[in-house]
Amino acid sequence: MKFVPVVDKNGNPLMPTKPSRARRWIKSGKATPFWSKGVFCVRLNIKPSTRYKQRVAVGIDPGSKMEGYSVKSEAHTYLNIQAHAVTHIKKTVETRRNMRRARRFRKTRRRKAKFNNRKNKDLVPSTKARWQWKLRLCKWLTKIFPITAFVVEDIKANTKPGKKRWNQSFTPLEVGKSWFYNELGKLCLLYTSPSPRDLSTSR
C-alpha cells in the first residue's frame, strides 16, 4: 500500500500520508496505528499542521459477483479493493420459507401472526441486502478518507415493449439503484458514468 489513511483525534479523516512518514509519526509518538477492516491507518495524537484536503473521489464498479472500489485523487490512487457481492440472501429466504411451511403441519402450539410483514415492500430481500452492502462499504471509506464525491458506473436494465413479465423482473434493480443513489447523495456529491456496454450499443 503506497499511502496510509490518516484521521485526527476525533476520527475525522485527513489526507493520506506515505508509509515512511507514518512510521516516523508512530516512532515519535505523534500518531497511533490501528486497523480498519484490514486497512492499516494512523490516528494523530497532535494537532495536524494543516487541514487542507484535495478532492478525493471513489469510483464504484457494481457487478453481479464482484464489485470494484477505487479511491483516487487527481495525482494519486490511494486504495483499490474488490468485494464479493451479496448472493446468499435468496437461498436464506428460501430456507426460512421451507422451515415456516414445515411448522404449519406439526401438531404444536404456536401464536397467530400479529401482522403480515411481507407485503408492500419496496425492495425484495436479496436486492435490499445487495445495495445495503454497497452503502456500508461507501460509509466505511468516508471514515478513513476525505471523500468529496462518488462516481458510480450506471446500470440500466433494457426493457422490452409488450413484455410485461420481462420488464417486471428488472424493477427491483431499478428501485434498488435509485435507493442507493439517494443514500449516497446524502454523504457527498454523486456522479454517474455510463456503462461501457451502454456506450457500445448506442453507437
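Strand β1 is joined to β4 by two bridges, and the two strands run parallel. This is a predicted model, in which local features need pLDDT of at least 70 and side-chain atom pairs count only at pLDDT 80 or more, while totals for chains, interfaces and linings use all residues. Residues are numbered from 1 along each chain as its sequence is written, and side-chain values use heavy atoms, with hydrogens and water left out. Helices (H or I, at least four residues) and strands (E, at least two) are DSSP runs numbered from the N terminus, and two strands pair if DSSP finds at least two bridges between them.

**The four-stranded sheet**

- Four strands make up an open sheet in the order β2-β1-β4-β3, and the pairing is mixed.
- β2 and β3 (31-36) stand at its edges with a single partner strand each, so one side of each has no neighbour in the sheet.
- From one strand to the next the twist averages 30 degrees; for angles in general, axes are lines fitted to C-alpha atoms, for helices over the stretch in contact, and the values run from 0 to 180 degrees between N-to-C directions.
- Helix α1 (residues 19-28) packs on this sheet and touches β1, β2, β3 and β4, its direction making about 50 degrees with that of β4; contact here means heavy atoms within 4.5 Å.
- β1 (residues 4-7) is covered on both faces, with Val 4 and Val 6 buried on one side and Pro 5 and Val 7 buried on the other, where buried means under 20% relative accessible area, exposed over 50%, and partly exposed in between (1.4 Å probe, protein chains only).
- In a regular strand the side chains alternate between the two faces of the sheet.
- Three bridges connect β1 with β2 (residues 13-17) in an antiparallel arrangement, and Val 6 stands opposite Leu 14 in β2.
- The hairpin of β1 and β2 has five residues between the strands, and Gly 11 in this hairpin takes a positive phi near 85 degrees.
- On the β4 side, Val 7 stands opposite Arg 43.

**The five-stranded sheet**

- A further open sheet, of five strands, has the order β7-β6-β5-β8-β9 with mixed pairing.
- Its edges are β7 and β9 (189-194), each of which has a single partner strand, so one side of each is left without a neighbour in the sheet.
- The twist in this sheet averages 20 degrees from one strand to the next.
- β5 and β8 run parallel over five bridges, and the bridge partner of Val 56 in β8 is Ile 147.
- β8 also pairs with β9 in the parallel sense, over six bridges, and the bridge partner of Glu 153 in β9 is Ser 193.

- α3 has 20 residues and spans 29 Å from its first C-alpha to its last, close to the 28 Å expected at 1.5 Å a residue, the expected span being 1.5 Å times one less than the number of residues.
- α3 lies across β5, β6, β7 and β8, running at about 20 degrees to β6, and also across β1, β2, β3 and β4, running at about 75 degrees to β1.
- Among the buried residues of α3 are Trp 131, Leu 135, Cys 138 and Leu 141.
- The largest nonpolar core has 29 residues, and those with the most contacts inside it are Ile 60, Val 71 and Phe 180; such a core is a set of buried Ala, Val, Leu, Ile, Met, Phe, Trp, Tyr and Cys residues joined through side-chain atoms within 4.5 Å.
- Elements that each supply at least two residues of this core include β5 (56-61), β6 (66-72), α3 (125-144) and α5 (171-187), and the largest share, seven residues, comes from α3.
- Leaving aside neighbours within four places in sequence, Val 71 is in contact with residues including Val 56, Leu 79, Leu 141 and Ile 147.
- A second, separate core of seven residues includes Val 4, Leu 14, Val 42 and Leu 44.

- Lys 177 lies in helix α5 and counts as buried because its relative accessibility is 8%.
- The side chains of Lys 177 and Asp 154 are joined by a polar contact of 3.3 Å, a polar contact being a pair of N or O atoms within 3.5 Å, of which, within protein, one must be able to donate a hydrogen and the other to accept it, and residues adjacent in sequence count only if both atoms are side-chain atoms.
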